[in-house]
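Here are my notes on the model, point by point.

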Amino acid sequence: MTTRENLSQLLRDRDVDMLCGALLSGGGSYEVFDTAAKVDDLLSTFHGIDYGSKAAPVGFTDAIADLEACSLPEVVPAQVWSPGYRYHMQLFLTPDRTRLVVCYAVHLPQREAAAAN
């Protein structure tokens, strides 16, 4: 997968996926990584995150459920960045990059967003 259009076609009819699609169509930058991530390692990390009184990122609860339901040992990470780098969408694709497994939003602290510009 190398084009913005191919990545857009993998998105599902979920609010978080539509937000990702809007970023892609609005000129947000993106990257599909070469190296796969182990699903068990991702789940271990995700289950260890404690947001305390803060709300979890948009789509994060579904992301965990989607990974738990995933029968694949590995997924390929991808990211779509908002213009201005205020936040990004974290995606995980099937190893052949033909299907979206997970999509959720990640907010960057303001100092990181400023440094990314």
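**Notes on the predicted model**

1. Helix α5 (residues 110–116) has the lowest confidence in the protein, with a mean of 45, while strand β2 (residues 37–38) has the highest, at 97. Overall, the average pLDDT is 84, and 88% of the residues score at least 70.

2. Some ground rules. Since this is a predicted model, local features need pLDDT of at least 70 and side-chain atom pairs count only at pLDDT 80 or more, whereas totals for chains, interfaces and linings use all residues. Residues are numbered from 1 along each chain as its sequence is written, and side-chain values use heavy atoms, with hydrogens and water left out.

3. The layout: the protein has 5 helices and 5 strands, in the order α-α-β-β-α-α-β-β-β-α from the N terminus. These elements are DSSP runs numbered from the N terminus, helices being H or I with at least four residues and strands E with at least two. Of the 117 residues, 39% are buried; buried means under 20% relative accessible area, exposed over 50%, and partly exposed in between (1.4 Å probe, protein chains only). Among contacts with a separation of 6 or more, 60% join residues 24 or more positions apart.

4. Now α2 (15–25). Its buried residues are Val16, Asp17, Cys20, Gly21, Leu23 and Leu24. Seen down the helix axis they fall within an arc of 160 degrees, so they line one face of α2; the arc is that of the directions from the helix axis to the C-beta atoms. That buried set packs against α1 (4–9), β1, β3, β4 and β5. Asp15 and Ser25 are exposed on the other side of α2.

5. What covers the buried residues of α3? Val39, Leu42, Leu43 and Phe46 are the buried ones, and they line one face of the helix, because their arc is within 100 degrees. The cover includes β2, α4, β3 (74–81), β4 (87–93) and β5 (100–107). Asp40 and Ser44 are exposed on the face of α3 turned away from its buried side.

6. In α4, Phe60, Ala63, Ile64, Asp66 and Leu67 are buried. They fall within an arc of 165 degrees, so they too line one face of their helix. Cover for them includes α3, β3 and β5, and on the other side of α4 Thr61 and Ala69 are exposed. Have a look at aspartate 66: at 17% relative accessibility it counts as buried. Leaving aside neighbours within four places in sequence, aspartate 66 touches Arg12, Arg14, Val101 and Val102.

7. How do α3 and α4 pack? Helix α3 (residues 39–47) and helix α4 (residues 60–69) meet at an angle of about 145 degrees, with axes 10 Å apart. Axes here are lines fitted to C-alpha atoms, for helices over the stretch in contact, and angles run from 0 to 180 degrees between N-to-C directions. Val39, Leu42, Leu43, Phe46 and His47 of α3 make the contact with Phe60, Ile64, Leu67 and Glu68 of α4. By class, that is 7 nonpolar, 1 polar and 1 charged residues (Ala, Val, Leu, Ile, Met, Phe, Trp, Tyr, Cys and Pro count as nonpolar, Asp, Glu, Lys and Arg as charged, and the others, Gly among them, as polar).

8. Last, the loops. Glycine 26 sits between α2 and β1 (29–32), and at 54% relative accessibility it counts as exposed. Its C-alpha is 8.2 Å from that of proline 83, although 57 residues separate them along the chain. Just after α2, glycine 27 takes a positive phi of about 95 degrees. In the loop between β3 and β4, serine 82 is buried at 3% relative accessibility and, beyond its neighbours within four places, contacts Leu23 and Tyr87. Glycine 84 belongs to that β3–β4 loop and is partly exposed, at 32%.

Key:
Contact = heavy atoms within 4.5 Å. pLDDT = per-residue confidence, 0-100.
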